[in-house]
Amino acid sequence: MERVQAGHAPMLGKRVELGPPRDGRFKGKHILSVNQFSREDLEYVFSVAEEMRTAVELVGTFDLLKGKVLACLFYSPSTRTSSSFIAAVERLGGSAIPINEVKYSSVSKGESLPDTVRTLAAYADLIVLRHPETGAAATAARYSGKPIINAGDGQGEHPTQALLDLFTIRHERGHVDGLTITLLGDLKYGRTVHSLARLLTKHDVKVRMVSPETLRLPRDVLEEVRSRGLMVTEHASLEEVLPDTDVLYVTRVQKEYFDDQAAYDAVQGSYVITADTMRRARKDMVLMHPLPRVGEIAMEVDDDPRAAYFRQVQYGLYVRMALIAMVMGRA
Amino acid sequence: MERVQAGHAPMLGKRVELGPPRDGRFKGKHILSVNQFSREDLEYVFSVAEEMRTAVELVGTFDLLKGKVLACLFYSPSTRTSSSFIAAVERLGGSAIPINEVKYSSVSKGESLPDTVRTLAAYADLIVLRHPETGAAATAARYSGKPIINAGDGQGEHPTQALLDLFTIRHERGHVDGLTITLLGDLKYGRTVHSLARLLTKHDVKVRMVSPETLRLPRDVLEEVRSRGLMVTEHASLEEVLPDTDVLYVTRVQKEYFDDQAAYDAVQGSYVITADTMRRARKDMVLMHPLPRVGEIAMEVDDDPRAAYFRQVQYGLYVRMALIAMVMGRA
Amino acid sequence: MERVQAGHAPMLGKRVELGPPRDGRFKGKHILSVNQFSREDLEYVFSVAEEMRTAVELVGTFDLLKGKVLACLFYSPSTRTSSSFIAAVERLGGSAIPINEVKYSSVSKGESLPDTVRTLAAYADLIVLRHPETGAAATAARYSGKPIINAGDGQGEHPTQALLDLFTIRHERGHVDGLTITLLGDLKYGRTVHSLARLLTKHDVKVRMVSPETLRLPRDVLEEVRSRGLMVTEHASLEEVLPDTDVLYVTRVQKEYFDDQAAYDAVQGSYVITADTMRRARKDMVLMHPLPRVGEIAMEVDDDPRAAYFRQVQYGLYVRMALIAMVMGRA
């Protein structure tokens with residue numbers, strides 16, 4: 001039997017089966033950090049994201065947020081992330097104001113973030129912010145009269161990426177509890193990994209951290225997630241953990257964190273996933289990467305059905321659609 | 001009793017009370033200069049802007065200009081102004097083609113403004129133009145088969161800013177006639193102030209010009225507005241005029257007009273509005289600023305109910321929606 | 001009698017007369033090269049483009065592609081071309097994700113084109129690509145799960161420009177067969193001319209190639225089009241072919257292909273079309289230019305009714321709307 005939730009506009013004449021009515025707990029809220037999500041909240045997000053997936057597959061676009069305007073304010077450019085949010089709001093029937101590469105200086109030149117945010121809040125219904133400084137999203141939220149979604153602030157948080165990562169695991173494997181998840185590569189600077197580790201504390205999983213000595217998970221993050229009950233072990237070699245790994249999450253080693261090319265090359269090349277790696281992995285392993293990659297996974301692996309990183313991109317669209325609809329009070 | 005003007009599309013199922021039917025006098029016209037607006041025209045603009053305010057507050061977005069395409073052609077970038085126009089057309093149900101930071105040279109490299117404008121007129125229904133050269137908007141209008149809205153051309157005009165400034169005064173105080181309006185700061189280079197002074201000649205107001213000696217209103221502009229009957233006095237100190245001031249309009253002192261940092265700092269710091277200033281101001285004074293500010297108004301003032309500059313941003317959206325709807329013949 | 005094709009949404013309440021139902025032969029196809037179009041395909045494209053012209057003139061915008069999302073991925077900026085595609089999808093009722101000036105390097109920095117394309121294919125229904133490398137569009141097509149439209153790849157193809165050029169000739173003259181068409185200027189580097197010459201092989205026309213010695217059509221292109229039956233003669237002077245010319249297609253001489261300013265000036269100035277040139281041309285000649293021009297046609301010619309280059313821009317909108325609708329399976 002089909003049922004349509006009150007808040008849902010008819011989807012171009014078709015109807016989709018929707019989950020139980022929800023409590024609108026995210027209406028008008030900011031999305032700033034993974035830490036604001038309880039396990040129950042995560043269920044909420046993911047069930048809305050599943051609905052979005054169904055609806056997009058059925059009709060592509062629908063009018064749930066017809067007339068809503070999203071300001072996409074990116075102080076540091078990110079084609080990938082801004083495109084994802086613009087597509088998300090357009091598929092929900094709304095529209096975007098794209099603002100890229102804002103001229104920026106923390107010193108007196110140019111406008112302050114609070115003033116820019118208050119200005120955009122006068123025009124838009126929702127602001128997606130990417131900013132090079134840690135804590136910028138929280139600052140913006142203090143001044144904005146409209147919901148802020150943090151699309152990455154410096155070394156701080158990138159909660160929508162972590163949520164889509166977790167959604168990918170859940171969707172690819174059917175569940176999260178009970179899995180052995182290996183995080184590989186740059187665990188020091190990759191904020192994605194820190195956020196994902198924090199989200200995993202809300203689940204019953206084993207986590208293997210595999211990195212070169214110089215790029216281990218920061219001690220404070222390790223303490224934090226262990227104190228919240230996450231079972232974490234650290235390793236220098238992928239080989240010893242590969243046979244047990246259910247989910248292998250590979251990260252990009254970012255050049256800008258290295259002093260010289262040789263140091264970069266040494267680390268960058270040390271954990272490349274190839275067809276040979278995949279032969280030694282579990283038949284049902286899920287291989288993930290937040291993208292962009294710069295060689296950490298060989299292109300020969302792309303056709304392996306276990307390579308989930310392009311599906312991960314697709315799931316990101318659904319998760320971002322869900323978050324936008326939720327803070328706008330329509331899911 | 002509710003009535004809907006012929007040209008108005010139903011607003012997402014709701015109806016708003018609208019003013020008397022109008023004569024469509026701006027249909028197909030260019031908006032190039034404040035000088036093209038008679039007092040009666042201003043009433044027209046502002047009554048449409050009030051309707052836009054009501055409609056946005058009721059429904060956010062509506063389909064008055066469904067299917068209309070606005071080209072937002074900015075030769076010099078301005079996130080603030082372009083975002084405002086894009087939001088305006090999107091809230092009217094239309095869409096935008098954003099064109100930022102056009103590679104530009106007045107010499108032979110690149111395409112001439114007339115050719116670019118004729119090209120965009122083939123794609124869009126309306127062109128919003130910002131350009132670094134005075135007179136560029138008038139040039140564009142000569143070649144465009146579609147209406148041009150001047151969003152600032154060099155040291156020339158910025159009519160939509162002046163109109164939103166006047167709308168702010170009117171909306172905040174309920175009227176304009178009879179007020180004492182103080183313009184503070186850089187009165188020499190700030191085109192906003194020149195345009196606003198010209199608009200004020202159509203009203204019965206007293207204007208106080210407060211600036212350092214080096215940044216006084218240009219003599220020709222002073223002559224012009226006085227010859228049109230505007231009562232203007234000039235002052236070096238805010239103190240002597242503050243007690244009588246109904247509207248205090250603060251401007252940004254733009255660094256690019258100064259030879260060295262010391263000269264800039266001296267002037268820039270000379271008229272900073274603080275909580276202390278506000279204590280000595282009238283209880284019903286309206287404090288305005290075209291934004292962005294770079295320190296002319298201390299952040300501590302932001303929470304003062306007399307601080308109208310963020311509401312001014314909001315009014316700007318309504319005024320720009322009104323102008324777009326008017327030139328498209330829908331208001 | 002009015003008839004509406006199945007795939008066509010009602011156009012804002014109005015109806016337009018449409019051609020015979022079509023076979024959807026371009027549904028899901030990539031548009032990569034002019035060589036993929038048979039003479040019959042060209043008829044198909046142009047009859048859809050004529051419908052688009054009628055519909056735009058009647059209603060401006062319509063909902064044929066409501067909800068479709070086009071990613072406009074430009075590795076090298078082109079305001080003109082990207083604006084044209086964005087306007088095209090918006091007039092079809094869809095929306096765009098504009099992505100301009102992607103940071104790009106063929107070396108290891110940054111993401112590979114296949115990865116970027118696979119990412120955007122997860123968000124959008126269609127990708128329009130401009131790229132500085134020859135063959136990039138074909139590479140993108142191999143990896144994209146969604147149709148790719150080539151909007152110019154290096155010295156390779158720019159099929160939508162060639163199609164709109166041919167549509168212009170057809171529309172301005174009523175037919176193509178039997179005409180004498182003169183191509184003037186830089187025939188060496190101008191990819192537009194190469195593509196147009198290839199399309200002309202499918203028609204019964206005489207082609208005159210007029211260029212300085214240094215900018216003659218590449219020998220391999222000349223061989224290719226002659227071997228396909230195109231009647232081509234080469235000339236150094238416009239004078240000898242002007243009297244017989246039905247269509248004069250002028251190209252821009254691009255500065256970047258010259259070693260020094262003097263060499264550029266000599267060539268650039270050698271074939272300027274003036275009012276005097278037009279006096280010696282046929283009364284029904286069609287004067288075309290792909291734009292932007294940098295002096296090859298004097299502005300004094302713009303008001304001559306034979307000057308078709310701004311109408312050519314307008315036809316470009318219709319042809320791009322047609323191609324988008326065709327690959328989306330709606331025409």
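I take two strands as paired if DSSP finds at least two bridges between them. The model is predicted, and I kept that in mind throughout.

**Entry 1. The sheet of chain B**

I looked up the strand order first. In chain B, four strands make an open sheet, ordered 2-1-3-4, with parallel pairing. Which strands stand at the edges of this sheet? They are strand 2 (95-100) and strand 4 (148-153) of chain B. Each has a single partner strand, so one side of each lacks a neighbour in the sheet. I then checked the twist, which averages 10 degrees from one strand to the next.

Next I went through one pair. Strand 1 (residues 69-74) of chain B pairs with strand 2 of chain B in the parallel sense, over six bridges. Within strand 2 of chain B, S95(B) is the residue opposite V69(B).

I also looked for helices on the sheet. Helix 4 (residues 136-143) of chain B packs on it and touches strand 3 (126-131) and strand 4 of chain B. The direction of helix 4 makes about 160 degrees with that of strand 4 of chain B. A helix from another chain turned up as well. Helix 2 of chain C lies across strand 1 and strand 2 of chain B. I noted its angle to strand 2 of chain B as about 170 degrees.

**Entry 2. Chain C against chain B**

Chain C contributes 22 residues and chain B contributes 18 residues. On the chain C side, helix 2 (79-91), strand 2 and helix 10 (309-327) each supply at least two residues. Which element gives the largest share of that side? Helix 2 of chain C does, with eight residues. I sorted the side of chain C that touches chain B by class: ten nonpolar, eight polar and four charged residues.

**Entry 3. Chain C against chain A**

I turned to the other neighbour. Here 18 residues of chain C contact 22 residues of chain A. Strand 1 (69-74), strand 2 (95-100) and helix 3 (113-123) of chain C each bring at least two residues to the side that touches chain A. Helix 3 of chain C has the largest share of this side, six residues. The classes on this side of chain C are ten nonpolar, four polar and four charged.

**Entry 4. Chain A and its domains**

I counted the secondary structure of chain A as ten helices and nine strands. Of its 331 residues, 51% count as buried. I then took contacts in chain A between residues at least 6 apart in sequence; 75% of them join residues at least 24 apart.

The domain assignment of chain A gives domain 1 (65-157 + 314-321) and domain 2 (160-312). Their centres, taken over C-alpha atoms, are 27 Å apart. The contact between them takes eleven residues from domain 1 and 13 residues from domain 2. On the domain 1 side, strand 4 (148-153) and helix 10 (309-327) of chain A each supply at least two residues.

**Entry 5. The core**

Last, I looked up the largest nonpolar core, which has 307 residues. Which members touch the most others? They are A322(A), I324(A), A322(B), A322(C) and I324(C). Leaving out residues up to four places away in sequence, I324(C) touches L65(C), L70(C), A88(C), V89(C), L92(C) and L126(C).

Methods:
Residues are numbered from 1 along each chain as its sequence is written. Chains are lettered from A and ligands numbered from 1 in the order in which they are written. This is a predicted model: local features need pLDDT of at least 70, side-chain atom pairs count only at pLDDT 80 or more; totals for chains, interfaces and linings use all residues. Two residues are in contact if their C-beta atoms, placed from the backbone, lie within 7 Å. Ala, Val, Leu, Ile, Met, Phe, Trp, Tyr, Cys and Pro count as nonpolar, Asp, Glu, Lys and Arg as charged, and the others, Gly among them, as polar. Domain bounds come from an automatic or database domain assignment. Axes are lines fitted to C-alpha atoms, for helices over the stretch in contact, and angles run from 0 to 180 degrees between N-to-C directions. A nonpolar core is a set of buried Ala, Val, Leu, Ile, Met, Phe, Trp, Tyr and Cys residues joined through C-beta atoms within 7 Å. A residue is buried if 20 or more other C-beta atoms lie within 10 Å of its own, exposed if 12 or fewer, and partly exposed in between; C-beta atoms are placed from the backbone.
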